[in-house]
Amino acid sequence: MKKVNWLVVAAGLVVGAAAVLLTALGNPGNMGFCIACFLRDTSGALGLHSAGVVQYIRPEIIGIVLGSLIAALGFKEFKGRGGSSPALRFVLGMFVMIGALMFLGCPLRMMIRSGDLNAIVGLVGFVVGIFIGTLFLKKGFTMKRAYNLGALEGSVMPAIVVALLILLIAAPSFIHFSTEGPGSKHAPIAVALIVGLIVGALAQRSRLCTVGGIRDAMMFKDFKLLYGFIAVIIAVIIGNLITGNFNLGFEGQPVAHTDGLWNALGMALVGWGSVLLGGCPLRQLVLAGEGSADSTITVLGMMVGAALCHNFGLASSANGPTQNGMIAVVIGFVVVAIVSFRNVAKEA
């Protein structure tokens, strides 16, 4: 077994601590630090969907991208690149978000929901989805190569989040803000932004990825990234025990539902799609900050996916999944399967 990468562990502990801190300072309970939720709220703030309870530009997203950018520039790793099946990445990003909003959270939130046994069910589905994805990787799955595109192309996502920050601080009248529900609950802007910057920089340096840890353990018996995954969970459990927010059980969990089958299927779709994309939602934001136009396309796909979920009744609620959401997840599996089979490299 290879040596522990303590930078990955430190990054995981910081992410876990960030979730506890942000929840204590105002972020919704059981959410703390959820990339899918943050992108969904940001989509709503921009008017992409009309669900009034989930609309707010989340500074954490801005911070993650800019933190990654700063770290990449500092270590001379910023590089504009892309062209690796951009349309497919956009579509896969949409369905990863649809799966996440069936479960009501991204892989990071799944790890942060300490005490919530529904998250354990989601984890089982997530691992199964990743396992299916690794089978295609072993068979030669590829999204084709990326090309050097220059700094301007690589700066698109950093430019977008800077524009979001300007809107949030200097022109709030142009965006939508929730007055009730999860979107109305948030930590102070400055704190959320600083936390995002720290997480973005650490994730860029450590290559922290919730999907990558399990994928690498399955494929290569390499557990370095998996230690970061475990560190997030440990930090959140300790933090929630200290703050009195640890609630063991299925029932009565904030912003969660107890339909085990669809919790598992939603996260299986997230796991499978993320393996094909090369990283979880957090990793996509970090790569976009490093200059990856492909990850920028993926993130935009996730934002559109969030909008579709709330415009067409696909997202679950505390009452459980919707029929439209179930149909969308099944369609997602069909699409991901087609992409998987069609993109297996043919042997010469």
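This is a predicted model: local features need pLDDT of at least 70, side-chain atom pairs count only at pLDDT 80 or more; totals for chains, interfaces and linings use all residues.
**Entry 1: ground rules.** I number residues from 1 along each chain as its sequence is written, and my side-chain values use heavy atoms, with hydrogens and water left out.

**Entry 2: H4 and H12.** I looked up how helix H4 (residues 86–103) packs on helix H12 (residues 260–277), and found an angle of about 155° with the axes 7 Å apart. Helices here are DSSP runs (H or I, at least four residues), numbered from the N terminus, and axes are lines fitted to C-alpha atoms over the stretch in contact, with angles from 0 to 180 degrees between N-to-C directions. The angle makes H4 roughly antiparallel to H12, a term for angles over 145 degrees. The crossing of the two is left-handed, that is, the near helix is turned anticlockwise from the far one by less than a right angle. I then listed who makes the contact (heavy atoms within 4.5 Å): among them are Arg89, Leu92 and Phe103 of H4, and Trp262, Asn263 and Leu277 of H12. Sorted by class, this contact has 12 nonpolar, six polar and one charged residues; Ala, Val, Leu, Ile, Met, Phe, Trp, Tyr, Cys and Pro count as nonpolar, Asp, Glu, Lys and Arg as charged, and the others, Gly among them, as polar.

**Entry 3: Asn263.** Leaving aside neighbours within four places in sequence, I find Asn263 in contact with Met102, Phe103, Asn118, Val121, Gly122, His257 and Thr258.

**Entry 4: Leu104.** I next looked at Leu104, in the loop between H4 and helix H5 (107–112). Its phi is near 75°, a positive value in a residue other than glycine, and at 5% relative accessibility Leu104 counts as buried.

**Entry 5: H3 and H8.** For helix H3 (residues 59–74) and helix H8 (residues 156–170), I note that the axes come within 9 Å and cross at roughly 140°. H3 passes H8 in a left-handed crossing. Residues including Ile62 and Leu66 in H3 meet others including Val161 and Leu165 in H8, and by class I record 13 nonpolar, no polar and no charged residues.

**Entry 6: Arg207.** Lastly I looked up Arg207, in the loop between helix H9 (189–206) and helix H10 (210–220), where its phi is near 65°, a positive value in a residue other than glycine. Arg207 is partly exposed, at 31% relative accessible area. Leaving aside neighbours within four places in sequence, Arg207 is in contact with Glu77, Leu225 and Arg283. I also noted that the C-alpha atoms of Arg207 and Leu7, 200 residues apart along the chain, are separated by 9.3 Å.

Conventions: Angles under 35 degrees count as roughly parallel, over 145 as roughly antiparallel, 65 to 115 as roughly perpendicular and the rest as oblique. Buried means under 20% relative accessible area, exposed over 50%, partly exposed in between (1.4 Å probe, protein chains only).
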